[in-house]
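Q: I have a model open and want to go through it piece by piece. Can we start with how helix packing is described, then move on to single residues?
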Amino acid sequence: MINVSGRTGSTVVKSRRNAAEAKQCKQLPCIPSLKVSSRSSKLQIMGQGKGGATVSAQIMFNFLNITEKALEYSRWIHDYRCEVFNKDPDHKSYKCSECGLNGLKCLYIVRNPLDRVVSSYVHTMSTNNMHTSIRGKIADFAADAFFAEFIAFLKGTAATGRRYWGDPHYLPQCDTVCEHTEFDRVQHLLIESLDAGLAWFGQTENIQGLTRNNMSSKHYVKKSSRMDPGAAYLRYSKHLHDSPPSYESFLAEPSIFKDVCCFFRTDIELYRKSCSAEWLQGCAECMDSCARELRRLAPCNDV
């Protein structure tokens, strides 16, 4: 089983000072997840914006063989989900407390918080309604804010608890209920090993047709391996719109990395807990992915 500390062969013991700092850390609030459900199939797939929301719908639509119908309705999959799919009684969502009962299978897709926070920034700056909503309440939030300014905005949000239009795209992935009291009822799957994980989930639960094939999203950003230590201070429109550097570049400054570890502490623990789940241990590719991603998260132990 994966060592949830992210450090192989060792147990991380935090100093009293680190423990005190952790208590003082203002975290962003958990919110309800997006759910796509099929009552006739007894299956529910969940995720959060920039961490599995769109792909959850894609997987479910493929599973139900309605992808073509959804795309004929609108090239944006969430139009069909909101305006047609969710209005069907067969697609009424379940509570997490119902998962695991009477044959109901629930799958929650999670993403490494380090990648998700950068993806959330790019999405916020490329979505007019989102940064306009922020600017309407925070006068000094630039229309072309760089990543460090976005992190400062998240710090203020953690302190005030203020909500904004579209904020599920950057608030934590932890569900207000599922991750606190019902974790063991839901099977959590890493988006970093999604294809292998879907195959493993289908095999262990005897469910056929779980795939994200032939689907895309206007939100997907082509990733780069180019490292730029100053990425956190690059203006979005001039430097990041077409070819952003690697996501790691944005977190190169220690103070920014520390803040991200603070704001998303619950998500980091969720990710580690997901990797240690017994059901996932038989998926070799998933375990390799876990080991790699937990190494990236390990420095957050010292924050």
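This is a predicted model: local features need pLDDT of at least 70, side-chain atom pairs count only at pLDDT 80 or more; totals for chains, interfaces and linings use all residues.

Q: Fine. How do the axes of α12 and α13 cross?
A: Helix α12 covers residues 265-276 and helix α13 covers residues 284-297; their axes come within 10 Å and cross at roughly 150°. Angles over 145 degrees count as roughly antiparallel, so α12 is roughly antiparallel to α13.

Q: Is that crossing left-handed or right-handed?
A: The crossing of α12 and α13 is left-handed.

Q: Which residues make the contact?
A: From α12 they are I268, Y271, R272 and C275, and from α13 they are M287, C290, E293, L294 and L297.

Q: Zooming out, how many helices and strands are in the protein?
A: The protein has 13 helices and 4 strands. Of its 303 residues, 54% count as buried. Taking the contacts with a separation of 6 or more, 73% are between residues 24 or more positions apart.

Q: Now α8. What does it reach from first C-alpha to last?
A: Helix α8, residues 194-205, has 12 residues and reaches 16 Å, close to the 16 Å expected at 1.5 Å a residue.

Q: Which residues of α8 are buried?
A: The buried ones are L194, A196, G197, L198, W200, F201, G202 and E205.

Q: And what do they pack against?
A: The buried residues of α8 pack against β2 (43-47), α2 (53-63), β3 (105-110), β4 (187-190) and α13.

Q: What comes just after α8?
A: N206, which takes a positive phi of about 55°.

Q: Is N65 buried or exposed?
A: N65 counts as exposed because its relative accessibility is 71%, and the cut-off for exposed is over 50%.

Q: What about N102, where does it lie?
A: N102 lies in the loop between α4 (77-83) and β3. Its phi is near 55°, again a positive value in a residue other than glycine. N102 is exposed too, with a relative accessible area of 69%.

Q: Switching to α5. Why does S119 count as buried?
A: S119 sits in helix α5, residues 113-126. S119 counts as buried because its relative accessibility is 6%, and buried means under 20%.

Q: What is S119 in contact with?
A: Leaving aside neighbours within four places in sequence, S119 is in contact with K50, R111 and Y247.

Q: V117 is in that helix as well. Buried or exposed?
A: V117 is found in helix α5, and V117 is buried, with a relative accessible area of 2%.

Q: What does V117 touch?
A: Not counting residues up to four places away in sequence, V117 touches F147, F150, I151, L154, L251, V260 and F264.

Q: And how many residues apart are V117 and L171?
A: V117 and L171 are 54 residues apart in sequence, and 8.9 Å apart in space, C-alpha to C-alpha.

Methods. Residues are numbered from 1 along each chain as its sequence is written. Side-chain values use heavy atoms; hydrogens and water are left out. Helices (H or I, at least four residues) and strands (E, at least two) are DSSP runs, numbered from the N terminus. Buried means under 20% relative accessible area, exposed over 50%, partly exposed in between (1.4 Å probe, protein chains only). Contact means heavy atoms within 4.5 Å. Axes are lines fitted to C-alpha atoms, for helices over the stretch in contact, and angles run from 0 to 180 degrees between N-to-C directions. Angles under 35 degrees count as roughly parallel, over 145 as roughly antiparallel, 65 to 115 as roughly perpendicular and the rest as oblique. A crossing is left-handed if the near helix is turned anticlockwise from the far one by less than a right angle, and right-handed if clockwise. The expected span of a helix is 1.5 Å times one less than its number of residues.
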